[in-house]
Structures are given as C-alpha cells and as structure tokens.
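Please read them with the structure open beside you.

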Amino acid sequence: MTLQKLSLFQECFGAVEGETERLENAPLSRLNAQSLKYETSVPQLEYMCLMMENMVLTKKLKGNVYAGFQKFSRAKNVLDRFQAMTEFSQVHIFGENDADMDPADGIDYIALPPKAELMREWFLVIDSPMFKSMMVAFDMEGFGQHEVEESRKFKGIKSSSPAVVKQAVSLLAPHVKETTTV
C-alpha cells in the first residue's frame, strides 16, 4: 500500500472486538486495558502513549518503534524520550514535514506526502520480542478547530494482540529505511 493511501485506523480498527467506549473520564486502569476501541481527546491519548513509551525505556526493549504525530512539529515536546529509545530500538517517526528535524539524532523520519491519510492519525506501535502493543487514533476534527488543541476528538483502538501489532507493522515497515535492530 502506498504511503499516500495508508491508514492504520482503517486497516486495524475492525481487528479489535468490542464496542467503542468514551474515555473522557475513564479511570487510568481503563486506559491501560490490553485491548479497546475508544473515542477520546488528547490527554487520554498522551497517557496511553506515555505508558507504552515507558515500557520501551524501562525494560530497554529491543525492536522497532513506529510513531505518527500527524506533523513533525507535534513530536518536538517528546523528542527526548524517542531519542532515548534509540539506545535500544529502531525508532521511526511519520509526519508532515513541517519542522526541521535532526537527521543525526538516531531517528528515522518519514515525511508523509501531501494529503496522506496518516496526516489525520496519531499512532504508536511497539514491536519487540518481549512486548507488542499499538494504539492508533483518527483525528475526527483536525487542527485549528479548538482554541485549546487538547480538546480535539479522536476515535481509535489500543491493542496488545500480536496479530493486530503484526498487521500494523506489515503496513508501516515497507516505508522505513532498512536498518538493523540495535
């Protein structure tokens, strides 16, 4: 599938069973669920990603980390965490090329073509022999709709199913640079 047409949300949403839950006031334990479909806003997505990122950092997981921030500029606030992950894993960040990124920081930056489907998706996929997890969220509103961007609404899935993670990796891996795992 071309990078232009690739949508993790469309390809993986149906692979997770269950009803879509609203997570706005969900307890943190619900955000840590192994598998769920959800509608939520930015703070809950940030928490889910932080927990997944912490697994890579604290367990020093070797493997591949694929992240999509819609725009490279949206990765700037957490770039130090992803740079730290490069000590153990190969890190690939997808996004609109709207900011200068350091090509020598150990991260593989994949610029999305104009109007690519992934520009509406926020995702994190961790593929390690010891831990597999992914989340993908479709931005239902887009940027510039709210005075506070954290209020943007997303619909997505989170899954630790090896089959779902494998599906996501099979879609993303063809678009990254050939590198060897650390």
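1. The record and the model. UniProt, in an unreviewed entry, places the feature "domain: DICT" at residues 41-137; UniProt positions are given in the numbering used here, feature names are shortened, and annotations may be inferred rather than shown by experiment. The model is predicted, with local features needing pLDDT of at least 70 and side-chain atom pairs counting only at pLDDT 80 or more, while totals for chains, interfaces and linings use all residues. Residues are numbered from 1 along each chain as its sequence is written, and side-chain values use heavy atoms, with hydrogens and water left out. Over residues 41-137 the chain is 26% helix and 35% strand, and the end C-alpha atoms are 10 Å apart; helices (H or I, at least four residues) and strands (E, at least two) are DSSP runs, numbered from the N terminus.

2. The sheet. Eight strands form an open sheet with mixed pairing, in the order E1-E2-E8-E7-E6-E3-E4-E5, where two strands pair if DSSP finds at least two bridges between them. Strand E1 (20-22) and strand E5 (107-111) stand at the edges with a single partner strand each, so one side of each is left without a neighbour in the sheet. On average, and with direction ignored, neighbouring strands of this sheet are turned by 20 degrees against each other; axes are lines fitted to C-alpha atoms, for helices over the stretch in contact, and angles run from 0 to 180 degrees between N-to-C directions.

3. Pairing within the sheet. Strand E6 (residues 121-127) and strand E7 (residues 132-139) pair in the antiparallel sense over seven bridges, and Leu 124 stands opposite Met 135 in E7. E7 and E8 are also antiparallel, over six bridges, with Phe 154 in E8 as the bridge partner of Asp 139. E2 and E8 pair in the antiparallel sense over seven bridges, and here Glu 39 stands opposite Lys 155 in E8. Five of the seven residues of E8 are buried, so E8 is largely enclosed by the rest of the structure; buried means under 20% relative accessible area, exposed over 50%, and partly exposed in between (1.4 Å probe, protein chains only).

4. The helices against the sheet. Helix H3 lies across strand E2 (35-41), strand E3 (64-71), E6, E7 and strand E8 (153-159), running at about 20 degrees to E6. Helix H5 (residues 162-172) lies across E3, strand E4 (90-96), E6, E7 and E8, running at about 110 degrees to E6.

5. Helix H3 itself. The 18 residues of H3 (residues 42-59) should span 26 Å at 1.5 Å a residue, and the end C-alpha atoms are 26 Å apart, which agrees; the expected span is 1.5 Å times one less than the number of residues. Among the buried residues of H3 are Val 42, Leu 45, Tyr 47, Met 48 and Val 56, and also Gln 44 and Glu 53.

6. The cores. In soluble globular proteins, nonpolar side chains tend to be buried together. The largest nonpolar core here has 34 residues, and those with the most contacts inside it are Tyr 38, Leu 45, Phe 82, Ile 93, Leu 124 and Met 135; such a core is a set of buried Ala, Val, Leu, Ile, Met, Phe, Trp, Tyr and Cys residues joined through side-chain atoms within 4.5 Å. At least two residues of this core come from each of E2, H3, E3, helix H4 (79-85), E4, E5, E6 and E7, and the largest share, seven residues, comes from H3. A second, separate core of 26 residues includes Leu 8, Phe 94, Leu 112 and Val 136.

7. Two lysines for a closer look. Lys 60, in the loop between H3 and E3, has a positive phi of about 50 degrees although it is not a glycine, and counts as exposed at 51% relative accessibility. Lys 115, in the loop between E5 and E6, likewise has a positive phi, near 60 degrees, and counts as exposed at 75% relative accessibility.

8. A buried threonine. Thr 40, in strand E2, is buried, with a relative accessible area of 1%. Not counting residues up to four places away in sequence, Thr 40 touches Leu 23, Glu 24, Leu 45, Arg 152, Lys 153 and Phe 154, contact meaning heavy atoms within 4.5 Å.
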